[in-house]
Amino acid sequence: MESTQGSGQHGYIHRKDDYLKRLRRIEGQARGLQRMVEEEQYCIDILTQVSAMTKALQSVALGLLEEHMSHCVVQAAAAGGPEADEKVREASEAIARLVRS
């Protein structure tokens, strides 16, 4: 996976603990889904949990995107030049990936 990083801290860093907590919760949901399949639980119940996990991941993704836009893109736009164009392109591609998922 390619990563384009600027200098300095990333925009989400002030909420890092919140993101880690949410991701650990999602990790627990994934283990719960595995257990549900192992125990051959009702498919609709499993699908309900898949939906909940998908929503949780989308929430993290949207939060990170908002952080990127309000921090990285805004800083790059203020500086101008090719970095600004690059940050806008990155954000556009991230939005496109989220819409397709």
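Glutamate 40 is exposed, with a relative accessible area of 71%; exposed here means over 50%, buried means under 20%, and partly exposed covers what lies in between, all with a 1.4 Å probe and protein chains only. You'll find glutamate 40 in the loop between α1 and α2, just after α1. Its phi is positive, at about 55 degrees, although glutamate 40 is not a glycine. As background, most residues other than glycine have a negative phi.

Before going further, keep in mind that this is a predicted model, where local features need pLDDT of at least 70, side-chain atom pairs count only at pLDDT 80 or more, and totals for chains, interfaces and linings use all residues. Residues are numbered from 1 along each chain as its sequence is written, and side-chain values use heavy atoms, with hydrogens and water left out.

Now step back to the whole chain. It holds three helices and zero strands, in the order α-α-α from the N terminus on. Helices (H or I, at least four residues) and strands (E, at least two) are DSSP runs, numbered from the N terminus. The C-alpha trace spans about 55 × 30 × 20 Å along its principal axes. The radius of gyration of the chain is 17 Å, while a compact globule of 101 residues would have one near 13 Å. That radius is taken over C-alpha atoms, and the globule rule is 2.2 Å times the number of residues to the power 0.38.

What about inside and outside? Buried residues account for 21% of the 101 residues. The accessible surface comes to about 7500 Å², and carbon and sulfur atoms own 55% of it; such areas come from the Shrake-Rupley method with a 1.4 Å probe, and for residues only the protein chains shown count as cover.

Let's walk along the helices. α1 has 23 residues and reaches 33 Å from its first C-alpha to its last, close to the 33 Å expected at 1.5 Å a residue. That expected span is 1.5 Å times one less than the number of residues. Tyr19, Ile26, Gly32, Leu33 and Met36 are buried in α1, and the buried residues of this helix pack against α2.

Between α1 (16–38) and α2 (43–79), the loop also holds glutamine 41. Glutamine 41 counts as partly exposed because its relative accessibility is 34%. Leaving aside residues up to four places away in sequence, glutamine 41 touches Met36 and Ile46, where a contact means heavy atoms within 4.5 Å.

Threonine 48 and glutamine 58 are 10 residues apart in sequence, and their C-alpha atoms are 15 Å apart in space.

With a relative accessible area of 27%, glycine 80 is partly exposed. Glycine 80 and histidine 14 lie 66 residues apart in sequence and 25 Å apart in space, C-alpha to C-alpha.

Finally, back to the chain as a whole. Among contacts between residues at least 6 apart in sequence, 58% join residues at least 24 apart. As for charge, the mean positions of the 13 positive and 15 negative charges are 4 Å apart. Lys and Arg count as positive and Asp and Glu as negative, with His and the chain ends not counted; each charge is placed at NZ of Lys, CZ of Arg, CG of Asp or CD of Glu.
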